[in-house]
Amino acid sequence: MNILSVTAEIFPLVKTGGLADVAGSLPKALMAHGIHTRSLVPGYPSVMRALTGASPVAQYDRLFGERATLVAGQTGGLDLLVLDAPGFFDRQGGPYADDHGNDYPDNWKRFAAFSFVAAQIAEHGVADWRPDIIHVHDWHPALSLVYLKFSSRVEIPRVLTVHNLAFQGQFPAHRFTELGLPDEAYSVEGLEYYGDLGYLKGGLQAADAITVVSPTYAREIMSPTFGMGLEGVMNARHDDVIGIVNGIDMEVWNPCSDPYIENHFSTRAPLRRLANRQKLLDRFGLSDTAGPVFAAVNRLTWQKGMDLLAGVVDEIVKGGGKLIVHGQGDAAIEDAFMEAARRFPHSVSVEIGYDEPLAHQIHAGADAMLVPSRFEPCGLTQLYALRYGCVPIVARTGGLSETIIDANEAALHAQVATGIQFSPVDANELRLALRRAFRLFKRRRVWERLRRQGMRTDCSWHRSAAQYAELYGRVLTPDIRLAG
Ligand SMILES: Nc1ncnc2c1ncn2[C@@H]1O[C@H](COP(=O)(O)OP(=O)(O)O[C@H]2O[C@H](CO)[C@@H](O)[C@H](O)[C@H]2O)[C@@H](O)[C@H]1O
């Protein structure tokens, strides 16, 4: 079976968050099911640099006004189709915004062009290759499903995965005439979204199957609290929505062989982890401590509950713990953490930025990883933390609630606990969760068991890739409904 996977990010070539990790690791996991994935990605500079043995397979003289070449190539086990359109993708800043964080004003056009090419490949194939299914990720390529629904005579099954409903690709309605779609595509059944254009909304309406990245999130987004304005569409498509929890790349995140960490460790050799802990404290200018070293590696945003964490730093300091924060995001939250680091220089250390090796080192050295998200479709940070023996302390929401087993007395007694959950997601409950962590940390054997149990958890793609394979089988047999 051939899958055309369409994604704006793919690890290790271009990444701003979890989407890249999933788009980069799922194709490898699907190979075990006899599924061959080709991933279409935009030709950002980092992607073009990494391509080896690339060859042009299609040419566009005026793709939404720009010259573009579709290039086929391989890198790091990924089979890629790259849309080399310098006018759209060869830019200094990030994939979606400039260096100052301002969205590119032509994002509507960049991702319409990208989506148009995806639809062309789905419809006609490329060179001698034809996909059986098109599977698009998030809003950026979602318009391709709209092109296929309204402008194509080819019936190819269309799958859409939503990694985060908060990002929707909403643009002014007057752009519609430039998209080259028939008039009926600007409708409730298509792109129309509160008087604007909704790329994700259009994709949700045009998909044969919709996946989100955990069953809990699949339930949550049916309500206004989590639906972000799309709860009506999600309810209408309820029977075609399925939640599949993310797996992680067990090679990239492997404490026994990780090139970014100095002291490799495992459940059999846990003491070597202590050397990473010491190195981490040194790196962040913090003195050694008998108390727990808490960490947060995340986007510093409201979604991730990082403002809540910034508000309870005193609880960590008071208890004799340390806090290491690495991330970037909202200026006010960055400032709040920097201020906390100034107030408590011996206990709190912050590095604003985005650094992949450092993320590995923090997971490999800290005692506990804080993930107080207000909503979290799945979350990967807590899975990396499990694998690296860093006990996750998570909000009970979305995928966090499904991937971590709370250390209540029953779960501890049954030796199945892997972390700490708290709910509702507010500062008070986060404080209480920290106090529980301090108490558990003092029970050394209990904490060690918690850590070991986490490291033994299967976070691989094993089960979830099988679910995707089954889903692909179902959409190829259209009479079988997903919910059945
Ligand atoms: N400063 C920094 N330096 C280095 N690395 C950093 C970093 N800040 C974050 N990261 C990395 O970025 C990734 C974040 O992935 P998550 O899945 O936790 O959240 P994200 O909101 O990006 O993803 C969305 O999509 C994913 C994938 O489906 C869902 O799991 C999630 O719930 C949803 O919000 C992790 O690999 C993390 O290590």
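Here are some questions and answers about a predicted model.

Reader: Let's start with α4 and α5. Are these two helices parallel, perpendicular or oblique to each other?
Author: Happy to begin there. Helix α4 spans residues 107-124 and helix α5 spans residues 143-151, and their axes cross at roughly 50° while coming within 7 Å. Angles under 35 degrees would count as roughly parallel and 65 to 115 as roughly perpendicular. The α4 and α5 pair is therefore oblique.

Reader: Is the crossing of α4 and α5 left-handed or right-handed, and which residues of α5 make the contact?
Author: The crossing of these two helices is right-handed. On the α4 side the contact is made by A112, S115, F116, A118, A119, A122 and E123. Their partners on α5 are L143, S144, Y147 and L148.

Reader: How many residues in the contact of α4 with α5 are nonpolar?
Author: Sorting the contact residues by class gives one charged and two polar. The nonpolar class has eight.

Reader: Now to K15. Where is it placed, and which residue's side chain makes a polar contact with its side chain?
Author: K15 lies in the loop between β1 (2-6) and α1 (18-30). Leaving out residues up to four places away in sequence, K15 touches E9, A20, D21, Y354 and E356. The polar contact, at 2.9 Å, joins the side chain of K15 to the side chain of D21.

Reader: What about α10 and α14: are they antiparallel, perpendicular or oblique to each other?
Author: Helix α10 (residues 272-283) packs against helix α14 (residues 356-365) at an angle of about 125°, with the axes 8 Å apart. To count as roughly antiparallel an angle must be over 145, and the roughly perpendicular range is 65 to 115. So α10 and α14 are oblique.

Reader: Which residues of α14 make that contact, and how many charged residues does the contact have?
Author: Here α10 passes α14 in a left-handed crossing. The α10 side supplies R273, N276, R277, L280 and R283, and the α14 side supplies L358, Q361, I362, H363, A364 and G365. By class, there are four nonpolar residues and four polar ones, and the charged residues number three.

Reader: One last thing: over residues 287-446, how far apart are the end C-alpha atoms?
Author: UniProt lists this range, in an unreviewed entry, as "domain: Glycosyl transferase family". The chain there is 45% helix and 21% strand. Its end C-alpha atoms are separated by 25 Å.

How values were computed: Residues are numbered from 1 along each chain as its sequence is written. This is a predicted model: local features need pLDDT of at least 70, side-chain atom pairs count only at pLDDT 80 or more; totals for chains, interfaces and linings use all residues. Side-chain values use heavy atoms; hydrogens and water are left out. Axes are lines fitted to C-alpha atoms, for helices over the stretch in contact, and angles run from 0 to 180 degrees between N-to-C directions. Helices (H or I, at least four residues) and strands (E, at least two) are DSSP runs, numbered from the N terminus. A crossing is left-handed if the near helix is turned anticlockwise from the far one by less than a right angle, and right-handed if clockwise. Contact means heavy atoms within 4.5 Å. Ala, Val, Leu, Ile, Met, Phe, Trp, Tyr, Cys and Pro count as nonpolar, Asp, Glu, Lys and Arg as charged, and the others, Gly among them, as polar. A polar contact is a pair of N or O atoms within 3.5 Å; within protein, one must be able to donate a hydrogen and the other to accept it, and residues adjacent in sequence count only if both atoms are side-chain atoms. UniProt positions are given in the numbering used here, feature names are shortened, and annotations may be inferred rather than shown by experiment.
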